[in-house]
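Subject: Structure for you to look at, with notes

Dear colleague,

I am handing over the structure we spoke about, and my notes on it follow directly below. Please read them with the model open beside you.

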Amino acid sequence: MATVSEVPDEPGQPPALSALSLAEASQENKTKEQIITPFDVSGGVDEHGKAIAIDYDKLIDRFGSQRIDKAILERFEKLTGKPPHRLLRRGIVFSHRDLNLILDKYEKGVPFFLYTGRGPSSDSMHVGHTIPFEFTKYLQDAFDVPLIIMLTDDEKFLHSPKLSLKECRRFALENALDIIAIGFDPKRTFIFADTEFIYGGHGAAFGYNILEMGKKTTNNQIKGTFGFNDTNNILEFAFPATQSATSFASSFPFIFGSNPKTVNKIACLIPCAIDQDPYFRQCRDNAPRLGLMKPALIHTVFLPSLRGSESKMSASDTDSSIFLSDTDNQIKKKIGKAFSGGQDTREEHERLGGRTAVDVPFQYLTFFLESDEKLEEIRQSYESGKMQSGEMKATATKELQAYVSAFRERRKAVTAEVREEFMRPRQLIFKSMPSEKEQVVTLDERKKVLQKEMAFIDDALQRLQTNS
Ligand code: TRP
């Protein structure tokens, strides 16, 4: 059987190991449980060796999160004065942790911020990647809150045998352009790449070497050399701390100020696909021990692969995905070949009707088609056998083409300068931002550090110049 380390290109992202390949590998027709981790996403395999769809209800039970229920939808409607986003209405945003606490705070005017991210494992993002970001944009607009977007280029580097640090850094900058094109507000959004932000400034070269060295060092080596055991840790073990650190407002004094009394009260809400939950479950376990607030979470399901809903779109499997860079024609071809819930012949289809639950083009409509009425009409027409799968595919093609082409238009406006502004550590503008007095304190602290550094540099330069 394939192991995670044999999986190419996009570890940390997609169905590293798809249910289909699992099915192929299981010659003894053994059943397999579904696997959902940040590094591996696949539905299970039944007793006949057949891949089965991801069971999200089971996942909620196993992870111990809460369902997004009618009461929450009603709260959203009440608080925002608008119908909840279609991803909420359709159950695509399906689970959460402590969302009610965040909404309670919002009601009382207590500040919170949004945090989401992406592991930049390739320079091409697909339409599945945009779902949590689309939802995040809606939350940012609806609640008028600051947003922090983390690009974990170090994570992708550490977890993927084939990618160089340089490539991951380049992917982060490329992906930032696509993410900005979702439409985030530059005044309220800070984007950072780990290798630039965490290992930035004078520590940069040192930081990169830690990453390079860490990737090369196996546990076996460490055990052999130092006599360590599994209670010791090395960077891969340590990375969850990096991803967790972004959940705390105190990590960003230039946004939230540095007064611990106010900063430690600012809550964090993390919209993410459900595979990222393990990182934050662990973070929530540890946060109280550090006197920090647990981040709240809101989870999305995965956009199904073109091959079927047993696995999600994966950038490393180009036939599974519609990329944001695909042309109209490519989209048409790909959806034409997508897994269909239609019957084998026209007669049979008219007699039995299409199966919307497994029909990939229909599933895509539930993600991207705005009108609930239209979606319901399509469902009924297909299930009654009136609408054939060709027409279903044509409808989904049109919708995806419109989505990607609107993205393409926005993407054109995102220049390197626009990205630079988004990625510059700076004061964001939002309702409960630090007072001007507090901003002055934070800036003054930063200025003192830089002035000291400048004095050293001037000194060194002067010495060198008088010597020469
Ligand atoms: N680990 C995520 C990935 O591989 C990237 C990420 C970092 C993230 N922080 C996040 C995703 C917060 C969602 C929410 O894609």
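A salt bridge is taken here to be a side-chain nitrogen of Lys or Arg within 4 Å of a carboxyl oxygen of Asp or Glu. Please keep in mind throughout that this is a predicted model.

By that rule the count comes to 29 salt bridges, and one of them pairs Arg89 with Asp372, whose closest N and O atoms are 2.9 Å apart. Because Arg89 belongs to helix 4 (residues 86–89) and Asp372 to helix 19 (residues 372–383), this pair ties together parts that are 283 residues apart in sequence. Arg89 is partly exposed, at a relative accessible area of 29%, and Asp372 likewise counts as partly exposed, at 33%.

Another salt bridge joins the side chains of Arg188 and Asp144, with 2.8 Å from N to O. It links distant parts of the chain, since Arg188 sits in the loop between helix 8 (165–180) and strand 7 (189–193) while Asp144 sits in the loop between helix 6 and strand 6, 44 residues apart. Arg188 is buried, with a relative accessible area of 11%, whereas Asp144 is partly exposed, with 30%. Asp144 also has a phi near 55°, a positive value in a residue other than glycine. Asp98, in the loop between strand 4 (93–97) and helix 5 (99–108), has a positive phi as well, near 60°, and it counts as partly exposed at 24% relative accessibility. For background, most residues other than glycine have a negative phi.

A further salt bridge is formed by the side chains of Glu421 and Arg424, at 3.2 Å from N to O. Salt bridges that share partners also join Arg86, Arg89, Arg90, Glu370 and Asp372 into one network.

Turning to the ligand, which residues are the closest to it? Of the 17 residues that surround the ligand, the closest are Tyr115, Gly119, Glu155, Gln243 and Gln276. A polar side-chain atom of Tyr115 lies 2.9 Å from a nitrogen atom of the ligand, a polar backbone atom of Gly119 is 2.9 Å from a ligand oxygen atom, and an N or O atom in the side chain of Lys156 is 2.9 Å from an oxygen atom of the ligand. The protein covers 97% of the 370 Å² of accessible area that the ligand has on its own.

At least two residues of the shell around the ligand come from each of strand 5 (112–118), helix 7 (153–159), strand 8 (267–273) and helix 15 (277–286), and strand 5 gives the most, with 4 residues. By class, the shell has 6 nonpolar, 8 polar and 3 charged residues.

A few separate places remain. Met454, Ile457 and Leu461 make a nonpolar surface patch of about 260 Å²; Leu461 lies in helix 22 (residues 436–467) and is partly exposed, with a relative accessible area of 41%. Ser321, by contrast, is buried at a relative accessible area of 0%, in the loop between strand 11 (308–312) and helix 16 (328–336), and its side chain makes a polar contact of 3.0 Å with the side chain of Ser320.

With best wishes

Terms used:
Residues are numbered from 1 along each chain as its sequence is written. This is a predicted model: local features need pLDDT of at least 70, side-chain atom pairs count only at pLDDT 80 or more; totals for chains, interfaces and linings use all residues. Side-chain values use heavy atoms; hydrogens and water are left out. A residue is near a molecule or strand if one of its heavy atoms lies within 4 Å of it. A polar contact is a pair of N or O atoms within 3.5 Å; within protein, one must be able to donate a hydrogen and the other to accept it, and residues adjacent in sequence count only if both atoms are side-chain atoms. Accessible areas come from the Shrake-Rupley method with a 1.4 Å probe; for residues, only the protein chains shown count as cover. Ala, Val, Leu, Ile, Met, Phe, Trp, Tyr, Cys and Pro count as nonpolar, Asp, Glu, Lys and Arg as charged, and the others, Gly among them, as polar. Patches are made of residues with over 30% relative accessible area and no salt bridge: like charges are joined within 9 Å, nonpolar side chains (Val, Leu, Ile, Met, Phe, Trp, Tyr) within 5 Å. Buried means under 20% relative accessible area, exposed over 50%, partly exposed in between (1.4 Å probe, protein chains only).
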